[in-house]
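This briefing is meant to be read alongside the sequence and the coordinates.

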Amino acid sequence: MKKNKTLYRLLILSAFIVINAGVIYGISQVYAYLNTGADRSQILHLDVVSDQYYTPDITWSTIENPGRPLEPFNQQKIEKDYLDAWYIRNISFKTGSHHGIEDHYTSKARQKLYETLEENNTQEIYIEGTTLTHDLSLEFYSADGTLVVLTDRNVSSFQRVFKEGQLYYQGESVDNYRIIMLLEDGFWRIRHLEKIGPTSEITPSQASNHIATSIAGINYYPQENPWNTFGDQFDTETLQKDFQVINDLHLNTIRIFIGYEDFGNSQVSPDRLEKLIGLLNVASQEGLDVIVTLFDFYGNYEVSDWTRTQKHLLTIVSAIKDHPALLAWDIKNEPDLDFKQRGEDLVLAWLQHSITTLRCIDQEHPITIGWSSPDAALFLEKEVDYISFHYYKNLKNLSQVYTKLKAQTPKQIVLEEFGMSSYRGLWNPFGYSEKDQAQYYRDFLEIQKRDSLHYLSWTLYDFREIPNNVSGVYPWRKNKQAYFGLIDIHGVKDDAYSVLKNR
């Protein structure tokens, strides 16, 4: 009986301790919540954080103010709140929604936006737009730190205007703005946004650079990590051995690929950049020129994504544009394959903007686009410095295709990819053999010698594994893709290797 009473008392005491611990924990959580600043992204009612999806290039020409100096902290805060306001404005014009406007504009400013949105909705107009560059100057900063006047010059923007579901207008322009912002509830809100001066259309950049050498090259991936050149297996010793093999083939150029997501999209990985520079260093040591393809495995093109791709481009180009191994830029690998899904107009507009952006920071190196076929090769012909196309069809028509292109453009033409898979097996019993591949290269070299073709073959190695995102999951596709190399998976040089070497 005494044992039972003791047990009951222990149970009651334990329950009391647990209940009190729970109450104390609950009070502490409420206290912590009440003393924690609100999450800005929640206050702004953003479905996504703008600094991940909206990263225009922004500079400050001046922050001089005759009265109160603009403190670095407030400068950063004004900049962020100002860009957030643009971001929400762009979303509102696309969706027709008032969502988030009151968090970024004062009552008078948002009333004008509401009226514009109402008119657009009535006429079934929506606008896909983004700003890409901002150049801010401080005009006035009040003594009490609650009012700021800015000028934003050379605001580059792109818009696609749709009316009743149809594309009505598409273009890139440059404008200047005067802005008044007020500090309310700890956040800077736009009080006044006025366009000043006429709008100027951005004209496509003019191509002027030429390839200074005759290209005889190859598309390059390391054998053990294809489509992942700059991953964990990156090794400069492997690169050096491979580049010596390429030299043994008497080739002078390699084409490499920068995966957009692999490099961190807009937030380019310092580790990937270091490896890219390392590859260029080895190429330079071995006397090889390098064509850098800037956007591999990218296919979004949405206007709202342009600031991210622009930042990716600016970061990479700025880092390596002066490297002695760099021969040329290839904006995008086979973008014409995205026409059907993403829309030809949008893809071409993105390419054109990327070329213009690139040319602003590098006027020395030629620019091209790696079109998947000769049928697409003359898209943006005036904007690129030389024409590139890929060709995997029967060689009997190659000379005719090349001659036709030459008649249509004065630009240099590069056969950027070509080759034959030597896979013949379970999934392709009637495929080509290594002897067929060797004959293919003999036939190609006859055409090349006669027509003086610039070329890069596909590719140096056969590969053991092909990623699913390259050719899908079907084994007949993956196996075919794995056997385009001049050297097999055991390191044995195929007959095609000797043909190319002894040309």
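**Helices α4 and α5**

- The axes of helix α4 (residues 72–95) and helix α5 (residues 107–122) come within 9 Å of each other and cross at roughly 25 degrees; because angles under 35 degrees count as roughly parallel, α4 is described as roughly parallel to α5.
- The model is a predicted one, and in it the contact between these two helices brings Arg 89, Ser 92 and Phe 93 of α4 against Leu 113, Thr 116, Leu 117 and Asn 120 of α5.
- Sorted by class, the residues in this contact of α4 with α5 are three nonpolar, three polar and one charged.
- Helix α4, with 24 residues, spans 35 Å from its first C-alpha to its last, which is close to the 34 Å expected at 1.5 Å a residue.
- Gly 96 follows α4, and the phi of Gly 96 is positive, near 80 degrees.

**The barrel**

- Eight strands close into a barrel, taken in the order β6-β7-β8-β9-β10-β11-β12-β13, and the pairing is parallel; from one strand to the next, the twist averages 25 degrees.
- Helix α7 (residues 270–285) packs on the sheet, where α7 touches both β7 (253–259) and β8 (289–296), and the direction of α7 makes about 175 degrees with that of β7.

**Strand β10 and its neighbours**

- On one side, strand β10 (residues 367–371) runs parallel to strand β9 (residues 326–333), to which three bridges join it, and here Asn 333 stands opposite Gly 370 of β10.
- With strand β11 (residues 386–391), β10 pairs in the parallel sense over two bridges, and in this pairing Trp 371 stands opposite Phe 389 of β11.
- Five of the five residues of β10 are buried, so this strand is largely enclosed by the rest of the structure.
- The cover extends to both faces of β10, with Ile 367, Ile 369 and Trp 371 buried on one side and Thr 368 and Gly 370 buried on the other.

**Leu 348 in helix α10**

- Leu 348 lies in helix α10 (residues 344–361), and because its relative accessible area is 15%, Leu 348 is classed as buried, the cut-off being under 20%.
- When residues up to four places away in sequence are left out of the count, Leu 348 touches Phe 339, Trp 371, Phe 379 and Leu 380; of these, Trp 371 is also one of the buried residues of β10.
- Leu 348 and Asp 336 are separated by twelve residues in sequence, and their C-alpha atoms are 8.8 Å apart in space.

**Helix α8**

- Helix α8 (residues 306–320) has 15 residues and reaches 21 Å from its first C-alpha to its last, close to the 21 Å expected at 1.5 Å a residue.
- Helix α8 is mostly covered, since eleven of its 15 residues are buried; these buried residues of α8 are Trp 306, Thr 307, Arg 308, Thr 309, Gln 310, His 312, Leu 313, Leu 314, Ile 316, Val 317 and Ile 320.

Technical notes: Residues are numbered from 1 along each chain as its sequence is written. This is a predicted model: local features need pLDDT of at least 70, side-chain atom pairs count only at pLDDT 80 or more; totals for chains, interfaces and linings use all residues. Side-chain values use heavy atoms; hydrogens and water are left out. Two strands pair if DSSP finds at least two bridges between them. Helices (H or I, at least four residues) and strands (E, at least two) are DSSP runs, numbered from the N terminus. Axes are lines fitted to C-alpha atoms, for helices over the stretch in contact, and angles run from 0 to 180 degrees between N-to-C directions. Contact means heavy atoms within 4.5 Å. The expected span of a helix is 1.5 Å times one less than its number of residues. Angles under 35 degrees count as roughly parallel, over 145 as roughly antiparallel, 65 to 115 as roughly perpendicular and the rest as oblique. Ala, Val, Leu, Ile, Met, Phe, Trp, Tyr, Cys and Pro count as nonpolar, Asp, Glu, Lys and Arg as charged, and the others, Gly among them, as polar. Buried means under 20% relative accessible area, exposed over 50%, partly exposed in between (1.4 Å probe, protein chains only).
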